[in-house]
Each structure stands twice: as structure tokens, then as C-alpha cells.
Amino acid sequence: MKRENIEQAYAMAKERYAALGVDTDAALAKLRNISLSLHCWQADDVTGFENPDAQLSGGIQATGNYPGKARNIDELRQDILKATSLIPGSHRLSLHASYADFRSTGAVDRDALRPEHFASWMDWAEANGMKLDFNSTSFSHPKSGMLTLSNPDEGIRRFWIEHTKRCREIAEQMGRRQGDPAMLNIWIHDGSKDATVNRLEYRRLLKQSLDEIFETEYPNMKDCIEAKLFGIGAESYTVGSYDFYLGYGAKYGKIVTLDTGHFHLTESIADKVSSLLLFTPEIMLHVSRPIRWDSDHVVIMNDDTLDLAKEIVRCGALDRVHIGLDYFDASINRIGAYVIGSRATQKCLLQALLEPLGKLREYEASERFFERLALLEEAKNLPWNAVWDMFCLQNDVPVGEAFIADVQQYEKDVTSKRA
């Protein structure tokens with residue numbers, strides 16, 4: 001697409017939006033300041049680097065066998081940099097604890113992880129202008145079983161308590177190094193496949209474990225606790241339910257993570273944002289696309305993601321909501337999946353920033369509900385895509401579908417040659 005055509009279309013869109021009181025330049029500036037936390041596990045199907053032959057467990061599944069997945073740290077980093085070169089803006093990278101770099105230190109178990117096992121990641125991130133976030137990893141381990149932090153077995157529970165404490169120390173070091181707090185997300189798969197008669201006991205143990213884990217305060221990281229409705233193998237009961245973590249987060253001032261795939265499909269995740277903002281300090285999002293269950297399909301520009309983005313902007317909460325991605329599709333080109341999902345999320349955020357909110361609230365305050373609904377409908381037809389094209393142009397990334405050719409070329413030159 002020619003530069004002059006993009007600029008001409010943007011000028012017309014700018015004028016159209018200005019008539020409704022929307023400043024497109026301001027919207028672009030705000031979008032430029034929103035950093036997505038990209039998930040490292042999309043490039044290698046959540047394999048990590050502890051054991052290349054390890055089998056996923058704890059309800060984690062990556063379906064598909066598209067060729068060319070990253071097989072080691074260098075390939076993973078190469079793929080991430082390629083993806084970010086096609087995504088406008090500046091973004092973060094979210095690491096799981098299972099992605100430690102043991103090449104210079106020797107391998108240790110998860111309860112012995114230290115910041116030095118992620119030093120090369122910190123060096124790499126700094127060299128590439130990227131900040132890091134972190135996740136504890138309770139799944140895909142010989143001691144995972146069905147219960148970790150809520151396990152009645154003292155030895156197993158202590159292993160996972162120590163692991164999570166170590167993860168907080170690592171996140172603290174990341175945040176100190178990059179001069180910006182690292183988000184430390186805690187999600188455990190604990191639950192029961194069939195009916196349990198000990199719901200309260202397992203949740204009491206989980207609370208006890210969390211209380212100990214959070215005893216030490218760190219200034220350069222932020223704790224996030226992530227709920228789930230159910231998981232594969234834990235269909236009947238999940239210890240870390242939404243109610244549990246909402247209560248814990250509200251009482252102790254912890255950030256609650258909302259994963260868009262971790263709720264009943266008829267629930268509105270957007271509707272939860274305003275409530276959490278009143279009772280918890282901040283919100284962490286893991287954006288994915290569930291199809292009938294927590295299937296972690298690649299994010300697309302659909303109503304659910306758009307509603308979520310609009311609610312964040314309507315609440316004036318861009319500074320209190322952290323946006324991470326969490327999907328892993330092994331059935332299509334993995335770098336392409338990164339780019340599609342990231343750009344779709346950004347497109348939804350842009351449309352939210354371009355909403356004629358002032359006029360809509362004016363209608364609502366005066367109970368002019370016909371006018372409100374009419375403008376909400378007409379706003380769907382506003383030329384937001386011309387503003388998006390300008391955003392891509394300003395950030396020197398391919399405009400429109402042009403990124404497809406870049407991904408295809410990278411597959412030809414790089415990923416297709418991985419045995």
C-alpha cells in the first residue's frame with residue numbers, strides 16, 4: 001500500500017472522527033504506550049528447556065504438529081524477534097519458569113531456580129529493548145500430579161511453595177534490572193477429575209501456601225493470582241477458582257488475573273473489569289480465544305476481545321490493566337500466530353480508544369437511549385482501519401496483509417529447515 005494513500009485515508013478518517021469529538025492523534029499516542037506481554041510458549045508449544053522429551057501435563061495441551069517449532073533457546077529468541085518486527089509498538093515478553101537457561105550453570109530442579117538461570121534472558125531482553133514478565137510453572141513435572149500448592153503431602157507442597165518463592169525472587173531481579181516491575185503470575189492446575197468431599201481442606205491448604213509465599217515484600221515485582229473454571233483432568237473441582245482468588249486478592253491487595261478462556265463461555269470477562277477495579281489494585285489479563293472450552297486458539301478481532309478493550313478504556317484503566325497474551329496453536333505457522341493475535345488485540349484497543357465516548361455518555365446522562373444505541377451502531381462503521389494503517393506506518397511494520405509475505409519468507413528461510 002502506497003504511503004500517500006495511507007496518509008490520505010488517515011486525513012479523511014481524522015476529520016470524520018473529529019466531528020464526533022475524537023482525536024485520532026491522541027488515540028495513536030495512547031496505543032503506542034500500550035505494551036502487550038507476549039507469551040514465549042507460543043513458539044515452542046509450551047515445551048520449555050528442562051527436558052526436550054518431557055510430556056505436557058496438568059491440563060496443558062498444544063494441538064497440531066505444524067513443522068518448524070523452536071527447539072532451543074536461540075531458535076525461540078530468533079522467532080520472537082521476528083514476530084515483534086511485524087507487530088507495531090514496543091512489547092514485553094512473558095517467560096515461564098520452565099524456560100530457564102542452564103547452559104552455563106548446569107540444570108537444577110524447580111525448587112532451586114535462581115535469578116542467574118535467567119540472566120541470559122535479562123541480557124537478551126535489555127539488548128533488544130524488551131522488558132520481561134514471569135510465571136511459576138507447576139505443570140509438566142514429576143511432582144505435579146493433580147495437587148501442588150494444595151497438596152496434603154507436606155513434601156510435595158513444600159516443593160511447590162519453594163518453587164513459587166524462587167519465582168518471586170527471579171521476578172524481583174528482572175524488575176530491578178529493567179527499572180520496571182515484572183509481573184509474576186501464579187497459576188496452578190490443582191483440582192479433581194471427579195467429585196471431591198474435601199473442597200474446603202484443599203482451599204485452606206492453598207491459602208496457607210500463598211500466605212507463606214507472599215510473606216516477603218518485593219518492590220520490583222507484582223504478584224498476580226490466576227483462576228480457572230476447570231482443566232483437563234480436573235473437570236469437577238478446581239481449587240484455585242475465581243471466587244477463591246477474588247476473595248484472596250480483595251483481602252490482601254493482590255492482582256487477580258483474568259484469562260479469557262478460564263470462565264464459562266457465556267460469561268462476560270469485560271463485565272468483571274469494573275468490579276475488580278473497585279476492590280483490587282490492578283488487573284492482569286491473559287487474552288486468548290476459547291472455542292467451547294479453554295482451547296487457547298489464536299486471538300482474533302471478535303466481539304469478546306473488543307468488548308474487553310472497550311471496557312478498559314471506558315473505565316480509564318489503561319494504567320491499571322496489564323495485557324498479556326496466552327494462546328498456543330501448533331496447527332499453523334507459529335510466528336504468524338503471534339502476529340495475528342497481537343495485532344488483533346491492538347486493533348481492538350485502537351477501536352476502544354477511538355470510541356466517541358464523550359458523546360455517548362452525554363446521551364446516556366440525559367437518558368437519550370435511542371441516540372446512544374444509534375451512535376454505538378454507527379461507530380462500528382467509522383474508518384478505524386485507516387487509523388490502524390497509519391499506526392503500522394508510523395511504527396515501520398507491514399501495513400494490512402503485507403506481513404503474510406514476511407512470515408512466509410521467514411518460514412522458507414528459517415523454520416522450514418528445522419528437522
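1. Ser 94 counts as buried in this predicted model, because its relative accessibility is 7%, which is below the 20% under which a residue is called buried. The residue lies in strand E2, and its side chain is joined to that of Asn 135 by a polar contact of 2.7 Å. Leaving out residues up to four places away in sequence, Ser 94 touches Asn 135 and Asp 133, and also Ser 37, Leu 38, His 39, Cys 40 and Trp 41.

2. Ser 288 is likewise a buried serine, with a relative accessible area of 5%, although its place is in the loop between strand E9 and helix H9. Its contacts, when neighbours within four places in sequence are set aside, include Asp 259, Asp 294, Asp 296 and Asp 326, and among the others are Thr 260, Gly 261, His 297, Val 299 and Tyr 327.

3. The loop between E9 (283–287) and H9 (303–314) also holds Ile 300, which counts as partly exposed because its relative accessibility is 35%. Together with Ile 332 and Ile 340, Ile 300 makes a nonpolar surface patch of about 200 Å².

4. Helix H2, spanning residues 24–32, has Thr 24, Ala 27, Leu 28 and Leu 31 as its buried residues. These residues are on the same side of H2, because the arc they cover around the axis is only 100°. An α-helix has 3.6 residues a turn, so residues three or four places apart point the same way. The partners against which the buried residues of H2 pack are helix H1 (3–18), helix H10 (334–353) and helix H13 (384–394).

5. The start of H2 deserves a separate remark. There, a side-chain oxygen of Asp 23 comes to within 3.0 Å of the backbone nitrogen of Asp 25.

6. Ala 112 belongs to the loop between strand E2 (92–96) and helix H4 (119–127), and it counts as partly exposed because its relative accessibility is 28%. Not counting residues up to four places away in sequence, Ala 112 touches His 117 and Arg 166.

Definitions and conventions: Residues are numbered from 1 along each chain as its sequence is written. This is a predicted model: local features need pLDDT of at least 70, side-chain atom pairs count only at pLDDT 80 or more; totals for chains, interfaces and linings use all residues. Side-chain values use heavy atoms; hydrogens and water are left out. Buried means under 20% relative accessible area, exposed over 50%, partly exposed in between (1.4 Å probe, protein chains only). Helices (H or I, at least four residues) and strands (E, at least two) are DSSP runs, numbered from the N terminus. The arc is that of the directions from the helix axis to the C-beta atoms. Contact means heavy atoms within 4.5 Å. A polar contact is a pair of N or O atoms within 3.5 Å; within protein, one must be able to donate a hydrogen and the other to accept it, and residues adjacent in sequence count only if both atoms are side-chain atoms. Patches are made of residues with over 30% relative accessible area and no salt bridge: like charges are joined within 9 Å, nonpolar side chains (Val, Leu, Ile, Met, Phe, Trp, Tyr) within 5 Å. Accessible areas come from the Shrake-Rupley method with a 1.4 Å probe; for residues, only the protein chains shown count as cover. A salt bridge is a side-chain nitrogen of Lys or Arg within 4 Å of a carboxyl oxygen of Asp or Glu.
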